[in-house]
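Trainee: I would like a close look at one part of this model, with the terms spelled out as they come up.

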Amino acid sequence: MARPIDLPDYGTPPLAEVVLGVHFRTPDQYQQILAGEIRELFRERFPLVEDHQRLPPQFETFGPPTPNMAKFELLQSAQHDRFWFLAPDGSELVQFQEDRLLHNWRRPPNEGQEYPRFDTMAETFLSYSLKLEQYFASLSGESELEITQVELSYINHFYVEPDNDLTSLSDYIRLLSVPSNEAEDMGFRYRRTIYDDDGGPTGRIYVSGDPAVSKSGEKISTLNIVVRGAPKETTLDSAMHYLKCGRELIVNEFTDITTDKAQARWERIK
């Protein structure tokens, strides 16, 4: 995937984590007892394993809002876990559950490891997805994963940097303005609908900023930008195209809402 020529770029982006993922219809022949075979697909690169609570379904829906009602779920089958397959240094992991595959890159604490860039991550994620697709094909004979949803998340960390006149979230974000007495805590969130070329809604972009504390105990601010939606077709090719478009939406959104002095700190290239 070639980077668009006009897409803004940064020499030292403040990214702490990037997550690429797809949701898919679970093949009828898959059972959790086969999770050990899924692990073998990724063991060489990701030898460590953790067991986590499964992620609930998340689908972008459109139309008139419905009233809030208590939700009850009737469980008709066994609940499946979510497995993390981790690299030894913890900087990368693959998350798998019966209807989802995610690939995370995480910046290691106190290390200068550079973000591998979206194009590299996308190629790697596609190779993992194809590996899973081939495995499911061996179970069911179905040649393709049936992709139902795509998601892409960029998690940024903003630190207090008095030397660069960056001491609060309002110094990083254009749309925030506070009185001279700085707020003790500050946050914001909004979402927008994503439309296709025909004007139909396909997903949403979610943006949120919040105070936080780093693993080393420093007070920081976070900026999370997430794109989630349905690809035009249910194929991996269509899902990868949606991820590519999602990256462009996220980078442009990031550039639109961050301040000039923050972008100078991140060595904006174009």
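Trainee: Which strands does helix α4 lie across, and at about what angle does it run to β6?

Mentor: Helix α4 (residues 236-257) lies across β1 (15-24), β6, β7, β8 and β9 (219-229), and it runs at about 30° to β6. This is a predicted model, in which local features need pLDDT of at least 70 and side-chain atom pairs count only at pLDDT 80 or more, while totals for chains, interfaces and linings use all residues. Residues are numbered from 1 along each chain as its sequence is written, and side-chain values use heavy atoms, with hydrogens and water left out. Helices (H or I, at least four residues) and strands (E, at least two) are DSSP runs, numbered from the N terminus. Axes are lines fitted to C-alpha atoms, for helices over the stretch in contact, and angles run from 0 to 180 degrees between N-to-C directions.

Now the sheet itself. Nine strands form an open sheet in the order β2-β3-β4-β5-β1-β6-β9-β8-β7, with antiparallel pairing; two strands pair if DSSP finds at least two bridges between them. At the edges are β2 (48-52) and β7 (188-195), each of which pairs on one side only. On average, neighbouring strands of this sheet are turned by 15° against each other, direction ignored. A further helix, α1 (residues 35-42), packs on the sheet and touches β2, β3 (82-86), β4 (92-97) and β5 (100-106). The direction of α1 makes about 25° with that of β3. Contact means heavy atoms within 4.5 Å.

Take β6 (residues 147-159), where Ser153 has its place. Ser153 counts as buried because its relative accessibility is 12%; buried means under 20% relative accessible area, exposed over 50%, and partly exposed in between (1.4 Å probe, protein chains only). Neighbours within four places in sequence aside, Ser153 is in contact with Glu17, Val18, Val19, Ile225 and Val226.

One of those contacts, Val19, also stands opposite Asn104 in β5. β1 and β5 run antiparallel and are joined by seven bridges. β5 is mostly covered, with six of its seven residues buried.

Arg192 stands opposite Ile205 in β8.
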